[in-house]
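Colleague: I would like a close look at one part of this model. Please take it step by step.

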Amino acid sequence: MTENVYAIQLENVRLSYSGKAVIDGASCAIRKNAVTAVVGPSGSGKSTLLRTLCRMNDRIPGFRAEGSVRVLGRDIHDPGINVYELRKRVGMVFQKPCVFPKSIYENVVFGLRFHASPNGENFSERAERALRDAFLWDEVKDRLDQPAHILSQGQQQRLAMARTLAVDPEILLMDEPTSALDSKSANAIEDLILSLKEHHTIVLVTHHVEQAERVAEDLICVDDQTVCHKPCQYP
Amino acid sequence: MNPRLWKERATILILYGLTGCGCLVLAVILTTVIMKGAPALSGEFLFEESRNFGSEGGIFYQMIGTLILMAGAAIVCLPVALGSVLFQTEFLHSPPLKKMFRFLIYSLNAVPTIIFGLIGYLFFGVLLDAGVSWVTGVLILAVMILPTLHVSIHEAVESIPDHYREAGLALGLSPGQQMRAVILPQSMYGMVTGTLLGLARAAGETAAIMFTATAFSGVQLPQSWTEPVTTLQTHILVLAQEATNPKALTHAWGAGLVLLTLVFILISVTLWIRSGMEMEAER
């Protein structure tokens with residue numbers, strides 16, 4: 001029953017780097033098709049928590065995750081889990097916009113090329129859909145073959161989102177996606193987040209409580225190694 | 001005057017002086033080779049085979065032999081270097097093992113080339129029964145340029161910004177896909193530069209291939225795996241030893257000029273390809 005309501009469930013989770021705990025005894029649940037904001041002071045482990053949900057921390061030497069982390073109904077640390085499939089279903093957008101030194105179009109289909117089945121997939125249709133979903137289509141539709149680097153930071157961040165959306169993830173993790181942007185671009189991203197929640201579960205790490213209040217239905221506070229649901233005293 | 005300003009001016013002067021010294025040495029070498037080698041150049045010299053122990057005829061087969069060895073070494077070495085770099089950066093996770101791997105590669109770089117020749121001959125020539133042959137030469141040169149290629153490709157792979165890797169990873173790319181989509185395209189510069197540096201090193205190498213892969217005269221194109229080739233390097237060395245025959249000596253300078261030109265062409269082509277890739281990357 002709870003799995004129909006919650007996309008992510010954490011139970012007694014302990015995250016540590018070389019034995020030093022960043023988060024200890026965390027239990028919480030994140031609702032499906034809702035925006036959940038993760039707030040807390042710098043260095044409290046918000047990003048570590050977020051990155052754990054798609055096992056991005058696996059490559060960091062000394063990182064260890066204990067406890068039960070269930071994403072879309074399965075424990076992601078189960079030995080049988082396909083971590084690449086998990087990362088495809090749980091997309092992630094980073095703080096700093098990252099585009100590859102390729103054309104705008106190639107950036108959108110970057111991940112799609114490896115996930116789409118070889119027969120009859122129409123890349124350009126899916127690229128257009130992803131760009132429309134990321135509110136970027138009208139700005140770039142006439143220059144898809146131009147280098148992605150010519151776009152503004154805000155556009156690059158939306159391009160990174162389009163690239164993630166193109167592989168059709170069910171959950172979107174966003175690690176302070178607006179902190180490197182000016183306020184106008186940040187507003188565009190916030191509108192985008194609100195429009196995406198209809199079809200996606202969104203977990204947003206943010207520094208700004210105001211932003212969390214504007215876009216999120218649920219709030220998770222991370223502080224002093226603990227994670228709680230109720231509105232916290234931060235800042 | 002302000003002593004800080006003096007110091008600054010003196011530093012700049014010393015730097016200019018040192019740069020000047022370096023350029024001067026290069027200019028002297030280039031002028032000498034061009035002045036002494038140019039009289040030997042002619043159609044006959046470039047397109048005919050050498051006769052009468054090098055004092056007559058040309059250096060056609062020497063040029064071909066040099067190209068065979070250099071190209072062969074690059075073709076054999078590149079995949080091995082690339083594989084060892086990817087193993088070190090993508091699959092080797094333990095820091096002490098990584099350190100040891102790096103130490104081994106650097107040690108390989110420090111081995112005198114004659115030792116490569118000796119061990120290479122014992123291993124490829126005697127044990128694998130290749131004898132004095134161009135294949136032995138190619139394999140020895142490939143091992144010799146391996147550290148150069150490895151180090152420059154490794155630097156290129158290591159300098160790929162982490163956010164590119166993370167972006168690939170977050171899209172659910174497997175290690176193999178990550179290599180194809182992110183690591184190889186982003187480290188292409190290093191591969192080209194490394195191959196170039198390796199080839200330049202191979203082009204200058206005489207000791208390791210002198211007695212393992214090359215013969216001085218009576219050699220044309222190799223017809224089988226076990227035949228030797230003749231190279232510009234060997235040719236120059238042997239002719240220079242015949243210092244009494246002025247014609248042979250001119251031919252040695254001529255061969256030197258051709259070798260220099262080959263390397264120069266190689267560098268130009270590589271830089272051209274590189275600048276093309278730079279534009280591609282900017283696109």
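In what order do the elements of chain B run from the N terminus on? And how do helix 4 and helix 6 of chain B pack?

Modeller: Bear in mind that this is a predicted model. From the N terminus on, chain B runs α-α-β-β-α-α-α-α-α-α-α-α-α-α. That comes to twelve helices and two strands. The C-alpha trace of chain B spans about 70 × 65 × 35 Å along its principal axes. Of the 283 residues in chain B, 35% are buried. Now take the contacts in chain B between residues at least 6 apart in sequence. Of these, 74% join residues at least 24 apart.

Now the helix pair. Helix 4 of chain B covers residues 95-110, and helix 6 of chain B covers residues 134-158. Their axes lie 8 Å apart, and the packing angle is about 135 degrees. Roughly antiparallel would need an angle over 145. Helix 4 and helix 6 of chain B are therefore oblique to each other. Their crossing is left-handed.

Which residues meet there? Helix 4 of chain B brings I105(B), Y106(B), L108(B) and N109(B). Helix 6 of chain B brings L146(B), P147(B), T148(B), H150(B) and V151(B). By class, this contact has six nonpolar, three polar and no charged residues. An α-helix has 3.6 residues a turn, so residues three or four places apart point the same way. In helix 4 of chain B, I105(B) and L108(B) are both in the contact. In helix 6 of chain B, P147(B) and V151(B) both take part.

For contrast, turn to chain A. Helix 8 of chain A, residues 153-166, has 14 residues. From its first C-alpha to its last it reaches 20 Å, close to the 20 Å expected at 1.5 Å a residue. Helix 8 of chain A is mostly covered, with 13 of its 14 residues buried. Just after helix 8 of chain A, D168(A) takes a positive phi of about 60 degrees.

Most residues other than glycine have a negative phi. N33(A) has a positive one, near 45 degrees. N33(A) sits in the loop between strand 2 (20-31) and strand 3 (35-39) of chain A. With 14 other C-beta atoms within 10 Å, N33(A) is partly exposed. E176(A) is not a glycine either, yet its phi is positive, about 45 degrees. Its loop joins strand 7 (171-175) and helix 9 (183-196) of chain A. E176(A) has 21 other C-beta atoms within 10 Å, so E176(A) is buried.

Terms used
Residues numbered from 1 in each chain as written. Chains lettered and ligands numbered in written order. Predicted model: local features only at pLDDT ≥ 70, side-chain atom pairs only at ≥ 80, totals over all residues. Helix = DSSP H or I, 4+ residues; strand = E, 2+ residues; numbered from the N terminus. Expected span 1.5 Å × (residues − 1). Buried ≥ 20, exposed ≤ 12 C-beta atoms within 10 Å, placed from the backbone. Contact = placed C-beta atoms within 7 Å. Axes fitted to C-alpha atoms, helices over the stretch in contact; angles between N-to-C directions. Parallel < 35°, antiparallel > 145°, perpendicular 65-115°, else oblique. Left-handed = near helix turned anticlockwise from the far one by under 90°. Nonpolar A, V, L, I, M, F, W, Y, C, P; charged D, E, K, R; others polar.
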